[in-house]
Amino acid sequence: VRARWELSRMAPAERHRGVRPMLDDRRLELAAAGQWEWLLSWLGEAPAEGGLPKAEQWRLILPQLGFMAALRNLRNLDLAGLSDEDVAPLLARFSDPEQVKRSRQLPFRFLSAYLNAPSLRWGHALEAALDAAIGNIPELPGRTLILIDTSASMGQPLSRKSTMTMVQAAALFGLATGIRNRDRADLYGFADGQFRVERSAYRLSVLKSVEAFTRRIGEVGHGTRIAEAVIVE
């Protein structure tokens, strides 16, 4: 609390110029207390002279980013111009199955991060994280029918700002559940008709499975015949 109070007394124009020496005496670390949003807010807009470049600001913030916050800021890290060396610790976190499981992030978080990140450098780590996140999905007793709607309306984005469509989210949810319950689930895409997703497709990574599924959109029309899909043999 004292460290934060002391830093808040600095004039905004001095914060960018005085931040580097603080890295050695832990004042910045103590004041931030793991809250990267506070650190970004405290820095504020860079002054015309002596301001830290965006990349430098994000280098300060990186150690404060929690798992989910890191996922949500991949675009910002790319746009700020951070190097592969700068983001190597994040790539290692995403590639570590134990950290992924402890994060308790559901698979759609990793697909969303993959779709939003401008750089391809995140792809392998996010793919590994997505596969590991399957462990956070429950196993279902008995036999389960999984139906993924591929009708025309499902091509809309999840929200005004989202890059993920509803069918991508549905495909991810359905495929991840099917992979988790591989021998007890039957998976179909449906619209006017139905198409079966063979269990052999589950040998692919989750990300590749979603991409393969979405390529089949339109294969059985664009309607929403739910009743017929429920009684597929």
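**Exercise 1. Determine which elements cover the buried residues of helix α13, and how those residues are arranged about the axis.**

Solution. Step 1: the cover of the buried residues of α13 includes α10, α11, β1 (144-149), α12 (166-180), β2 (185-190) and β3, where contact means heavy atoms within 4.5 Å. Helices (H or I, at least four residues) and strands (E, at least two) are DSSP runs, numbered from the N terminus. The model is predicted: local features need pLDDT of at least 70, side-chain atom pairs count only at pLDDT 80 or more, and totals for chains, interfaces and linings use all residues. Residues are numbered from 1 along each chain as its sequence is written, and side-chain values use heavy atoms, with hydrogens and water left out.

Step 2: the buried residues in α13 are Val206, Leu207, Ser209, Val210 and Phe213. Buried means under 20% relative accessible area, exposed over 50%, and partly exposed in between (1.4 Å probe, protein chains only).

Step 3: viewed down the axis of α13, these buried residues fall within an arc of 160°, so they line one face of the helix. The arc is that of the directions from the helix axis to the C-beta atoms.

**Exercise 2. Carry out the analysis of buried residues for helix α8 (residues 84-95).**

Solution. Step 1: Asp86, Val87, Leu90, Leu91, Arg93 and Phe94 are the buried residues of α8. Down the helix axis of α8 they fall within an arc of 155°, so they line one face.

Step 2: on the other side of α8, Asp84, Glu85 and Pro89 are exposed.

Step 3: the cover of the buried residues of α8 includes α5 (54-61), α6 (67-72), α7 (74-80), α9 (97-103) and α11 (123-133).

**Exercise 3. Count the aromatic pairs and characterise the geometry of Trp36 with Trp58 and of Phe195 with Phe213.**

Solution. Step 1: rings of Phe, Tyr and Trp (its six-membered ring) pair if their centres lie within 6.5 Å; planes under 30 degrees apart count as stacked, over 60 as edge-to-face and the rest as tilted. By this rule there are six aromatic pairs.

Step 2: Trp36 and Trp58 form a tilted pair, at 6.0 Å centre to centre with 35° between the planes. This pair links distant parts of the chain, with Trp36 in helix α4 (residues 36-43) and Trp58 in helix α5, 22 residues apart. Trp36 counts as buried because its relative accessibility is 14%; Trp58 also counts as buried, at 5%.

Step 3: the ring centres of Phe195 and Phe213 are 5.4 Å apart and the planes stand at 40°, so this pair is tilted. Phe195 in strand β3 (residues 194-197) and Phe213 in helix α13 (residues 206-214) are 18 residues apart, and their pair links distant parts of the chain. Both Phe195 and Phe213 are buried.

Step 4: ring pairs also link Phe67, Phe94, Phe110 and Trp122 into a cluster.

**Exercise 4. Describe the backbone and the setting of Arg104.**

Solution. Step 1: phi of Arg104 is near 55°, a positive value in a residue other than glycine.

Step 2: Arg104 is found in the loop between α9 and α10 (107-116). Arg104 counts as exposed because its relative accessibility is 68%.

**Exercise 5. Locate Leu79 and relate its position to that of Ala212.**

Solution. Step 1: Leu79 lies in helix α7 and is exposed, with a relative accessible area of 61%.

Step 2: Leu79 and Ala212 are 133 residues apart in sequence and 29 Å apart in space, C-alpha to C-alpha.
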